[in-house]
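Could you walk me through this model in my viewer, one selection at a time? I would like to know what to pick next and what is there.

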Amino acid sequence: MTDHQVRTEEKYSKILLANIYKPATLISILLLIFIVSCAIFAPLIAPTNPYDLSVVSIMDSRLAPGEQMFNGTVAWLGTDGAGRDVLSAIIYGLRTSLVVAISSALIALTVGLVVGLIAAYFGGQFDAFLMRIVDIQLSFPAILVALVLLALLGKGIDKVIIALAIVQWAIYARTVRAAAIVERRKEYIEAATCLGLSNLRIIWRHLLPNSISPLIVLATLQTAHSISIEATLSFLGVGVPITQPSLGSLISNGFDFILSGAYWITFFPGVMLLATVAAINIFGDQLRGILNPRYTK
Amino acid sequence: MQSVIVLFVMSLIVFSMINLVGDPVDMLVNPESLPEEIERVRRDFGLDQPVHIQYWKFLQGALSGDLGNSFIFGRPALSLIAERFPATLELATCALIIAVTVGLPLGVYAGLNPNGWGSKIIMSSSVLGISIPTFWLGLMMIIVFSVILGWLPVSGRGEIGSFLGLESSVFTLDGLSHLIMPATNLALFKIAMVIRLARAGTVEVMSLDFIKFARARGLPPLRIVRFHLLPNILIPIITVLAIEFGTLIAFATVTETIFAWPGLGKLVIDAIVNLDRPIVVAYLLFVVTLFLILNLLVDILYAALDPRVRLQGDDK
């Protein structure tokens with residue numbers, strides 16, 4: 001580890017320490033940890049298994065929050081039209097939402113990273129061509145592109161992930177390229193070329209580690225974004241299938257009951273969705289402040 | 001030229017891929033019909049031919065302004081879209097107006113007093129506004145204003161009035177009461193964006209010399225805001241909003257589904273669910289064209305508003 005790196009890391013940890021005591025950061029981090037562990041340990045935490053048909057009883061349909069279910073468990077957040085416990089459904093739904101958002105973000109990140117680095121490294125016509133595609137794609141709103149893709153791909157959780165990845169890769173590619181093109185002109189890349197290293201090695205070992213930092217914040221904010229998009233798509237009925245509902249499909253499920261006053265079926269999943277997206281957004285904003293102090297001033 | 005290529009490539013991709021999903025004939029005929037009956041329907045719609053021949057026919061039609069007939073409605077797809085578009089346009093325009101009238105003052109206020117309590121509240125609610133799922137908020141609005149309070153109607157467009165040849169819900173009281181909830185819902189996301197843009201612009205411009213000079217001349221603060229600050233922060237806001245107008249039309253899909261607003265979005269969602277291919281293809285081409293036009297308009301608008309852009313062009 002070079003001297004410079006040590007100093008940078010010291011600087012980061014200092015800023016991190018100064019920031020972690022800010023209430024906004026602290027609350028968002030705690031909330032995130034809570035949400036993620038809820039999703040991971042869903043079967044242990046949830047009071048009932050909402051998809052076990054032997055437990056779910058139609059007798060429990062549309063109980064108000066706090067009422068007791070047929071088998072004695074209290075439905076703290078009420079039950080939906082089919083008699084499923086809303087709280088359990090939310091915990092399981094969170095799982096689907098996070099899996100879709102995180103895996104699509106990872107795929108998009110990888111594709112965007114490769115395209116961005118290659119475009120920046122080789123430059124010229126090739127770069128211009130790739131960036132033209134990126135420009136064209138980014139001029140359309142994400143929700144529209146995703147909607148069209150799902151209309152073309154059909155239904156299924158894997159298809160939603162593919163659609164969201166296609167929607168997002170362009171923004172990663174553009175960000176990486178912007179960072180990599182600055183690094184590309186620096187002397188260490190020139191030195192590596194003079195040493196006769198292969199293109200692949202230069203890109204992988206030298207260009208990549210130095211261009212990746214702007215992606216950290218972007219990936220955080222994009223994950224929040226893709227949770228929202230997935231929820232919206234599921235609400236429109238083109239997202240994840242009914243058998244594996246996400247928070248969006250739970251909200252859509254309650255849509256039919258709001259006029260009869262059963263607000264809890266839509267209200268609580270939405271609160272969870274809002275909390276998740278807001279926590280990631282606030283965390284991302286703080287992270288940007290930590291990694292790039294100029295931004296916050 | 002590039003726009004034409006984009007349009008062509010989009011139509012090719014969409015047309016070939018949409019043919020891979022499902023069989024629209026299944027949706028059109030009675031499940032109990034005889035095989036001959038099914039074959040007849042398939043032939044009538046030209047679905048028995050290979051994809052490239054279908055595309056060639058479509059292209060020939062498209063160049064003469066005919067994007068095919070809807071499978072479900074049996075009418076030209078383009079005229080269905082033209083019929084529904086005014087409702088969506090009306091919704092998006094109202095949302096844009098709401099976003100600017102609410103967002104701009106709040107953002108400028110937050111920018112002028114960056115450390116005050118008011119601006120802290122405004123800024124934190126804008127983070128919330130960006131995070132909140134629009135469709136969920138729409139449902140909550142229905143619960144509060146229609147179910148609990150009973151003030152506003154839940155769905156539809158209401159009575160349509162006509163004024164100076166324009167037909168719109170804005171011109172009748174009933175129409176307005178139908179419009180207010182969907183428009184506010186659609187505007188919400190944009191309000192948060194306008195607040196952030198206006199605040200960032202205000203903070204930047206207020207520290208510049210010409211503002212200091214205006215202050216030194218003893219001009220009243222309101223005059224400084226009106227004549228010195230606003231013209232300078234409006235350029236980026238207008239540019240972004242013009243681009244975002246397209247997003248509003250796309251997002252209207254969601255709002256229209258919630259409030260049963262009879263616009264484009266509702267049409268296309270139904271078409272996707274029912275595998276009504278001509279409508280989906282026509283909608284896409286329509287939206288792509290709309291976006292290309294909007295982007296062009298933004299470039300022109302930008303040159304008109306900012307003399308520096310024009311000067312750059314002259315150098316070449």
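## Start with the two chains

Select chain B: of its 316 residues, 36% are buried, where buried means 20 or more other C-beta atoms within 10 Å of the residue's own, exposed means 12 or fewer, partly exposed lies in between, and C-beta atoms are placed from the backbone. This is a predicted model, in which local features need pLDDT of at least 70 and side-chain atom pairs count only at pLDDT 80 or more, while totals for chains, interfaces and linings use all residues. Residues are numbered from 1 along each chain as its sequence is written, and chains are lettered from A and ligands numbered from 1 in the order in which they are written.

Colour chain B by secondary structure and you will find 13 helices and two strands; these are DSSP runs numbered from the N terminus, helices being H or I with at least four residues and strands E with at least two. In chain B, 67% of the contacts between residues at least 6 apart in sequence join residues at least 24 apart. Two residues are in contact if their C-beta atoms, placed from the backbone, lie within 7 Å.

Now switch to chain A, which has 13 helices and zero strands. Of its 297 residues, 43% count as buried. Among contacts in chain A with a separation of 6 or more, 67% are between residues 24 or more positions apart.

## The core

Next, show the largest nonpolar core, which has 143 residues. Such a core is a set of buried Ala, Val, Leu, Ile, Met, Phe, Trp, Tyr and Cys residues joined through C-beta atoms within 7 Å. Helix H4 of chain A (residues 86-122) brings the largest share of this core, 20 residues. Ala146(A) and Ala95(B) have the most contacts inside the core.

Centre the view on Ala146(A). Beyond its neighbours within four places in sequence, Ala146(A) is in contact with Ala163(A), Leu164(A), Val167(A), Ile229(A) and Leu233(A).

## Two helix pairs in chain A

Select H2(A), residues 23-40, together with H4(A): they pack at an angle of about 100°, with their axes 8 Å apart. Here axes are lines fitted to C-alpha atoms, for helices over the stretch in contact, and angles run from 0 to 180 degrees between N-to-C directions. H2(A) and H4(A) are therefore roughly perpendicular to each other; angles of 65 to 115 degrees count as such, under 35 as roughly parallel, over 145 as roughly antiparallel and the rest as oblique. Show side chains where Ile35(A), Cys38(A) and Ala39(A) of H2(A) meet Ile91(A), Leu94(A), Arg95(A) and Leu98(A) of H4(A). By class, this contact has six nonpolar, no polar and one charged residues. Nonpolar covers Ala, Val, Leu, Ile, Met, Phe, Trp, Tyr, Cys and Pro, charged covers Asp, Glu, Lys and Arg, and the others, Gly among them, are polar.

For the second pair, pick H10(A) (residues 213-236) and H12(A) (residues 264-291), which pack at about 165° with their axes 9 Å apart. That angle makes H10(A) roughly antiparallel to H12(A). Residues in the contact include Ile216(A), Leu221(A) and Ala224(A) from H10(A), and Val277(A), Phe283(A) and Arg288(A) from H12(A). The contact of H10(A) with H12(A) has twelve nonpolar, seven polar and one charged residues.

## Where the chains meet

How many residues does each chain give to the contact? Chain A gives 33 residues and chain B gives 33 residues. On the side of chain A, helix H6 (142-153), H10, helix H11 (247-255) and H12 each supply at least two residues. H12(A) gives the most to this side, with nine residues. The residues on the side of chain A divide into 24 nonpolar, nine polar and no charged.

Move to Thr253(B), in helix H10 of chain B (residues 221-259). Thr253(B) counts as buried because it has 22 C-beta neighbours inside 10 Å. Setting aside neighbours within four places in sequence, Thr253(B) is in contact with Leu147(A), Gly265(B), Val268(B) and Ile269(B).

## Last stops

Also in helix H10 of chain B is Arg223(B). Arg223(B) is exposed, with 12 other C-beta atoms within 10 Å.

Finish at Met131(A), in helix H5 of chain A (residues 124-138). With 18 C-beta neighbours inside 10 Å, Met131(A) counts as partly exposed. Met131(A) touches Ala119(A) and Arg177(A), not counting residues up to four places away in sequence.
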